[in-house]
Amino acid sequence: MLLRCDLNVPLDGTSITDDGRIRASLPTIERLRAAGARVIVLSHLGRPEGTPDERFSLAPVAQRLGELLGVVVGLASDTAGTSAHASVVKMTDGDLLVLENVRFNTGETSSDVEVRRRFAQELATLGDAYVSDGFGVVHRKQASVYELAELLPSAAGLLIETELRVLERLTVSPERPYTVVLGGSKVSDKIGVISHLLPLVDNILIGGGMVYTFLAAMGYKVGGSLLESDQIETCQRYIAEAREQGVNLVLPSDIVVGAAFAADTEHRVVDADELEDTPFGASGIGLDIGPQSSEVFAQYIRESRTVFWNGPAGVFEMAAFANGTRAIAQALATMHGLSVVGGGDSAAAVRILGFDDSAFGHIATGGGASLEFLEGKSLPGLEVLGWP
Ligand code: ADP
Ligand code: MG
């Protein structure tokens, strides 16, 4: 039984800094093992460019998987080569084997469908059925996600089922008030979600790096802050559309501005329309939403019954600029109703800031996949399974 998971965890050398995706994959693995399957796990890790690269080995992942399950987990030193075949032959019912990073093979992400198909055929010789559970990659047409599913009897796993159930609650008659909180680095990454969710939501709160393009759209000067000039008009359009549809599009009223993009930089809280009115002038960089805005955002969240949050409110990796993100996480953790955290960095942020997964209704494992679903796009990795 071939099982595609998304075990693409953040690594610091060979140590895993957030094992959330491994833990999210356990229910399906355990279910299959309990049913007596010989479970062969496929996953990618990082971007190794189609060739074996020690830095992206799944070895730490296989080890962590073994620790979490309390069983011996085998690891093949290739994905579909001699090591994989030799390891599969030795398996008995209930055994668990991890194959090496699928992206060590050019066929995985090739833009040539024939090349992908050939790699999928090699993978297909290793098992007799396929379960797709790597929610984080279902928006990708890649060999181990798409072409492999065409070749073997296939089904979706429990993680995909859970993720979709939550995403449906965010799109089909969500409980109101409904608030979407957006942040992170780029407007262009998230703009599609705004357009699709605008008719559904009551409030859209915007922070993070993307907020400066919105502030620029309001005519404010944003100094050296992150700015996507080519998105200013789009932001203006959404501000107008939100107004027409009676949606509160809330921008921060205060900003933490730093002299440089650095953890120990000098910084100040200023009004959002006075970003250049600081000692740092036109080189000042907005690094977080201010305390007043954090309180306003928290209040909107606490009064909501459904909240979807994607993208940190500031550069949370630097302690001085993590307060906005912490305030949002805190409000989500205490609200009544469905709270969903989406996005790889957002998920990492809440864990780094010390929140337990159980504080939230759901932490999505796939940022890109969740966003594409919420944008109303069809996801190839689900379509191939006959879903919906
Ligand atoms: P997610 O992975 O949750 O979807 P993104 O990848 O869109 O989130 O963005 C996360 C990144 O955005 C973080 O690394 C964070 O440091 C960065 N970020 C947040 N606020 C700012 C800001 N004001 N300026 C620059 N980068 C920011
Ligand atoms: Mg990210």
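**Figure 1. The largest nonpolar core and Phe308.** In this predicted model, the largest nonpolar core has 49 residues, of which Leu170, Ile194, Ile206, Phe214, Leu215, Leu275 and Phe308 touch the most other members. A nonpolar core is here a set of buried Ala, Val, Leu, Ile, Met, Phe, Trp, Tyr and Cys residues joined through side-chain atoms within 4.5 Å, where buried means under 20% relative accessible area, exposed over 50%, and partly exposed in between, with a 1.4 Å probe and protein chains only. Helix α9 (residues 211-217) gives the most to this core, namely 6 residues; helices (H or I, at least four residues) and strands (E, at least two) are DSSP runs numbered from the N terminus. When neighbours within four places in sequence are left aside, Phe308 is in contact (heavy atoms within 4.5 Å) with Leu170, Tyr178, Thr179, Val180, Val181, Val340, Gly342, Leu371 and Leu374. Another core, of 25 residues, lies apart from the largest one, and its members include Leu205, Ile301, Trp309 and Val350.

Residues are numbered from 1 along each chain as its sequence is written, while chains are lettered from A and ligands numbered from 1 in the order in which they are written. Because the model is predicted, local features need pLDDT of at least 70 and side-chain atom pairs count only at pLDDT 80 or more, whereas totals for chains, interfaces and linings use all residues; side-chain values use heavy atoms, with hydrogens and water left out.

**Figure 2. The surroundings of ligand 1.** The shell around ligand 1 holds 20 residues, the closest being Lys190, Gly286, Glu317, Asp345 and Ser346; a residue is counted as near the ligand if one of its heavy atoms lies within 4 Å of it. An oxygen atom of ligand 1 lies 2.5 Å from an N or O atom in the side chain of Glu317, and a polar side-chain atom of Lys190 is 2.7 Å from an oxygen atom of ligand 1. From Asp345, a backbone N or O atom lies 2.8 Å from an oxygen atom of ligand 1. Ligand 1 taken alone exposes 580 Å², and the protein buries 85% of that, with areas computed by the Shrake-Rupley method with a 1.4 Å probe. The elements that give two or more residues to this shell are β14 (285-289) and α13 (344-352), and the largest share, 3 residues, comes from α13. By residue class, the shell divides into 5 nonpolar, 12 polar and 3 charged residues, where Ala, Val, Leu, Ile, Met, Phe, Trp, Tyr, Cys and Pro count as nonpolar, Asp, Glu, Lys and Arg as charged, and the others, Gly among them, as polar.

**Figure 3. Helix α13 and its cover.** The buried residues of α13 are Ser346, Ala347, Ala348, Ala349 and Val350. What covers these buried residues includes strands β15 (306-310), β16 (338-342) and β17 (362-363), together with helix α12 (323-334). Just after α13, Gly354 takes a positive phi of about 95°.

**Figure 4. Helix α2 and its packing.** Helix α2 (residues 59-69) has Pro60, Val61, Ala62, Leu65, Gly66 and Leu69 as its buried residues. These pack against β2 (11-12), β3 (15-16), α1 (20-34), β5 (74-75) and β6 (96-98). Gly70, whose phi is positive and near 65°, follows the helix.

**Figure 5. His44 in the loop between β4 and α2.** His44 is found in the loop between β4 (39-42) and α2, and with a relative accessible area of 3% His44 is buried. Its side chain makes polar contacts with the side chains of Arg4 (3.2 Å) and Asn8 (3.5 Å); a polar contact is a pair of N or O atoms within 3.5 Å, and within protein one must be able to donate a hydrogen and the other to accept it, with residues adjacent in sequence counting only if both atoms are side-chain atoms. Glu49 lies in the loop between β4 and α2 as well, and has a positive phi of about 65° although it is not a glycine. Glu49 counts as exposed because its relative accessibility is 73%.

**Figure 6. Backbone features in the loop between α7 and β9.** Most residues other than glycine have a negative phi, and most peptide bonds are trans. Pro177 is found in the loop between α7 (158-171) and β9 (178-182), and the peptide bond from Arg176 to Pro177 is cis, with omega near 0°. Ser173 lies in this loop too, where its phi is positive, near 35°. With a relative accessible area of 67%, Ser173 is exposed.
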